[in-house]
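Good morning, and thank you for making time for this item.

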Amino acid sequence: MLNRRHFLAALGSAPFAKSALAQAAPMAKNCLFISSDDLCHAFSTYGHPLVKTPNLDRLAGRGVRFDNAYCQFPLCSPSRTSLMTGLAPDRTGVYDLKKHFRESVPNVVTLGQLFQQNDAYAARVGKIYHYGNPRDIGTNGLDDAPTWNERYNPRGIDKEEEPLVTNHTPGKGLGSAAVFYSSPASDEQHTDGMVAARSVELLEKHRREKFFIAAGFYRPHCPWIAPTKYFDQVPLSKVEPLGVEEWELKVAPALAYWTKPANWGMTYQQRKEALQAYYASILFLDAQVGKLLDAMDRLQLWEDTLVVFWSDHGYQLGEKGQWMKQSLFEPSARTPMLMAGAGVSARGKACRRTVELLDVYPTVADLCGLRGTPQDLDGTSLRKLLAQPAAKWERPAISQTGRGKLMGYSIRTETHRYTMWDAGREGEELYNYTKDPRANKNLAAEAGQAGLKAKLRAELETVVRKRGGKV
């Protein structure tokens with residue numbers, strides 16, 4: 001019989017020791033679930049030189065930063081519904097901002113419901129399911145009551161400041177236009193400041209219970225209203241909009257482009273101001289996330305709590321003349337995602353494997369040891385990558401978006417993206433990101449790429465059909 005010292009010495013010399021210990025992260029009891037709205041990768045956690053986000057940086061330093069995470073549908077409600085149900089958009093039937101998923105899948109068990117079934121307290125503060133932003137701030141929006149034990153809908157001064165926004169894009173509502181306002185009000189007076197404050201209160205109140213607390217921030221969704229001090233941190237003189245050439249608007253099929261005309265016809269100066277306001281909104285968001293992390297430190301919750309940070313999709317800032325979302329180009333479909341705390345053994349690591357927002361539900365359920373997890377989820381647990389971010393991983397990411405009654409589907413591997421519009425009848429795209437990171441050369445029509453295109457298309461069609469789609 002070995003005593004404890006000899007056993008540990010023997011274990012340390014075993015060839016499997018490092019691998020086994022890397023997998024042995026403590027299980028999480030709780031989950032702090034932090035969402036952002038319309039956030040792309042334009043902040044320092046992902047290498048942006050101008051937008052410094054020390055709080056998201058420190059969260060990434062405690063866990064794993066996913067560099068290639070993709071949404072299922074680059075639009076708020078379809079994406080958030082998919083993440084919270086673990087089902088692809090073709091199974092939830094949600095493709096717009098009006099339909100509620102209970103109309104199609106009335107008995108689905110959402111992530112919050114699963115926590116409740118495991119005797120946990122589940123609460124939402126702010127936006128997790130869809131809200132019209134800014135229209136529905138202060139209301140339940142398109143929420144799902146069974147998901148939560150409690151829900152809170154803060155309404156800050158930014159809601160009252162809407163009439164003050166500038167640079168309004170003609171023909172677009174405030175929720176989908178390049179509009180902004182540098183507010184003299186404090187962080188605490190804004191809706192996101194209130195989301196942070198109430199979320200901290202809930203962490204304090206329920207710290208001795210098993211909990212699923214979801215803090216849903218509204219920034220950086222437009223209108224870009226943030227306290228003036230955050231605008232000041234991004235000098236307009238240092239903001240440089242992307243240029244766009246006429247040929248870039250013809251690389252892909254016509255349906256691939258959402259912003260028409262390019263850059264909505266904004267002048268160079270207007271684009272500079274829009275970027276400054278978007279960046280300021282990210283800095284404001286980062287400061288609010290910092291309040292949650294400070295509470296995690298003060299309440300000593302890290303050993304028991306998994307922290308997940310995500311955005312519902314990416315956001316285009318002038319790439320190929322495109323703004324916002326609803327395209328299948330990389331900046332729209334790719335989303336920031338960080339996981340840290342209990343259940344995450346890798347620290348300060350970047351994972352370059354291709355993952356999906358669909359993977360969030362099974363990952364949280366797995367790391368928190370939830371019983372009764374539905375067996376028909378479309379994603380898979382990322383536990384392996386949270387221990388070894390460079391581990392072998394061959395699952396692609398599938399994204400889709402609609403154009404009226406037509407649908408575009410896209411498959412992303414670590415090196416390529418293939419997209420077909422209306423099953424290819426309205427065009428195809430194929431990009432090699434290793435050689436062409438800005439996706440400026442569409443290889444879909446090149447004879448030498450026919451074999452690769454056929455392979456990716458077959459894989460895409462297989463997954464789409466499995467997830468309830470028709471191609």
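I shall discuss the pockets, then the cavities, and finally the cores.

Please bear in mind throughout that this is a predicted model.

Let me begin with the largest pocket. Its volume is about 810 Å³. Which residues lie nearest its centre? They are H41, L242, E319, P331 and R334, out of a lining of 29 residues. In terms of class, that lining comprises 16 nonpolar, 9 charged and 4 polar residues. As to secondary structure, at least two lining residues come from each of α10 (268-298), β9 (316-317) and α11 (330-333). I would ask you to keep α10 in mind, as I shall return to α10 when we reach the cores.

The second largest pocket has a volume of about 540 Å³. It is lined by 30 residues, and those closest to the centre are L75, L97, S176, K325 and Q326. The class composition here is 11 nonpolar, 10 polar and 9 charged. Strand β13, residues 397-403, makes the largest contribution to this lining, with 3 residues.

How many cavities of 30 Å³ or more does a search of the whole structure find? The search finds 3. By class, the residues around the largest cavity are 5 nonpolar, 2 polar and 2 charged.

Finally, the nonpolar cores. The largest has 64 residues, and the members with the most contacts inside this core are F217, W224, Y278, Y279, F309, L317 and W323. Here we come back to α10, which gives the most to this core, with 15 residues.

What does F217 touch, leaving aside residues up to four places away in sequence? Its partners include the nonpolar residues I34, V195, A196, L285, V289 and L292. F217 also touches S35, S36, D37, K127, D192 and Q288.

How values were computed
Residues numbered from 1 in each chain as written. Predicted model: local features only at pLDDT ≥ 70, side-chain atom pairs only at ≥ 80, totals over all residues. Heavy atoms only, no water. 1 Å grid on protein atoms, 1.4 Å probe; cavity = no way out; pocket = protein on both sides within 12 Å on 5 of 7 lines; lining within 4 Å. Points joined across faces, edges and corners; volume = space filled by probe spheres on them. Helix = DSSP H or I, 4+ residues; strand = E, 2+ residues; numbered from the N terminus. Core = buried A, V, L, I, M, F, W, Y, C linked by side-chain atoms within 4.5 Å. Buried < 20%, exposed > 50% of the residue type's maximum accessible area, 1.4 Å probe, protein only. Contact = heavy atoms within 4.5 Å.
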